[in-house]
Amino acid sequence: MGKEADRTDQNPGPARRPPPGRYVAFRGTARVATGDLAEVAAMAWRAQGEDAAMPLLVFDRQSGAVVDLDLRGRADDVASRYAAAPSSRGRPRLGVVAREVTLLPRHWEWLARQGGGASVALRRLVEAALRAEAESERGRMEAAYRFMSALAGDLVGFEEAARSLFAHDGPGLEARLAAWPRDIAEEVRRMRDGDPSVGPDTDARRT
């Protein structure tokens, strides 16, 4: 991973802007890659076995949740598994799950009029709702809290930081973040503030 991946230094000086990308990978307290899911997953595949005592975690920056990756096969198999869905009609390649949906007749009629069919229209509606939730202030705080809980739950001042986050106490939160590893502090700020650069990226970056 290089020197940066092994860094666990505290958070000195002014905050930096974290590198862009919808997904971010951490090993311990160090950010080791960002990018779209296929790129970060391929990087995670290559990193397997490098440090079994310090597992690598991948986070969705919109939700703050840990992404459970299937790293079976070769690197290109993993990248293909998590490649973005094509823009053409039909099923996306990633993670389609068939389940029963119960709707009123007028709902089915509306879906039938949408381009791509009912399944495509439903996926678009859900994605739009997810984006709206992530862009809301409450959604951003929840994302930051999920991330904090996963990586900073054992750090000094975690409970105080969580209270400051939901109380909109910026100075109080910053006082706690100042004592945390720099990469974690930067990601908390990014998720809380809804950094507009969060989104699909063209290349995974080892930071």
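Here are some friendly notes on this predicted model, point by point.

1. Confidence comes up before anything else. The chain has an average pLDDT of 79, and 74% of its residues score at least 70. Two stretches deserve a careful eye. Residues 1–10 have a pLDDT below 50, although the model gives this stretch 24 contacts beyond near neighbours in sequence. Over residues 196–204 the pLDDT also stays under 50, and here the model has 25 contacts beyond four places in sequence.

2. Now for the overall layout. The chain holds 8 helices and 3 strands. Followed along the sequence, these elements come in the pattern β-β-α-β-α-α-α-α-α-α-α. If you take the contacts between residues at least 6 apart in sequence, 64% of them join residues at least 24 apart.

3. A word on burial and surface. The chain has 207 residues, of which 38% count as buried. Its accessible surface is about 11,800 Å², and carbon and sulfur atoms account for 53% of that area.

4. How many aromatic pairs does a search of the whole structure find? The search turns up 5. One of them joins Phe26 and Phe59: the ring centres are 6.3 Å apart and the planes stand at 85 degrees, so this pair is edge-to-face. Phe26 belongs to strand E1 (residues 23–27) and Phe59 to strand E3 (residues 56–60), which places the partners 33 residues apart and links distant parts of the chain. Both Phe26 and Phe59 are buried.

5. Phe59 has a further ring partner. With Phe147 it forms another edge-to-face pair, at 4.9 Å centre to centre and with 70 degrees between the planes. Because Phe59 sits in strand E3 while Phe147 sits in helix H5 (residues 137–152), this pair ties together parts that are 88 residues apart in sequence. Phe59 has a relative accessible area of 0% and is therefore buried; the value for Phe147 is likewise 0%, so Phe147 is buried too. Taken together, Phe26, Phe59 and Phe147 make up one aromatic cluster.

6. Helix H7 (residues 170–177) has buried residues, namely Gly172, Leu173 and Leu177. Where do they point? Viewed down the axis of H7, the buried residues fall within an arc of 135 degrees, so they line one face of the helix. Pro171 and Ala175, on the other side of H7, are exposed. The cover over the buried residues of H7 includes helix H6 (158–166) and helix H8 (182–193).

7. Arg192 is a residue of helix H8. Its side chain makes a polar contact, at 2.8 Å, with the side chain of Asp193. Beyond its neighbours within four places in sequence, Arg192 is in contact with Arg140, Ala144, Leu165, Leu173 and Glu174.

8. A last stop is Leu37, in helix H1 (residues 37–47). Is Leu37 buried or exposed? Its relative accessibility is 10%, so Leu37 counts as buried, the cut-off for buried being under 20%. Leu37 and Leu69 are 32 residues apart in sequence, and their C-alpha atoms are 9.4 Å apart in space.

Conventions. Residues are numbered from 1 along each chain as its sequence is written. This is a predicted model: local features need pLDDT of at least 70, side-chain atom pairs count only at pLDDT 80 or more; totals for chains, interfaces and linings use all residues. Side-chain values use heavy atoms; hydrogens and water are left out. Rings of Phe, Tyr and Trp (its six-membered ring) pair if their centres lie within 6.5 Å; planes under 30 degrees apart count as stacked, over 60 as edge-to-face and the rest as tilted. Helices (H or I, at least four residues) and strands (E, at least two) are DSSP runs, numbered from the N terminus. Buried means under 20% relative accessible area, exposed over 50%, partly exposed in between (1.4 Å probe, protein chains only). pLDDT is the predictor's confidence in each residue, from 0 to 100. Contact means heavy atoms within 4.5 Å. Accessible areas come from the Shrake-Rupley method with a 1.4 Å probe; for residues, only the protein chains shown count as cover. The arc is that of the directions from the helix axis to the C-beta atoms. A polar contact is a pair of N or O atoms within 3.5 Å; within protein, one must be able to donate a hydrogen and the other to accept it, and residues adjacent in sequence count only if both atoms are side-chain atoms.
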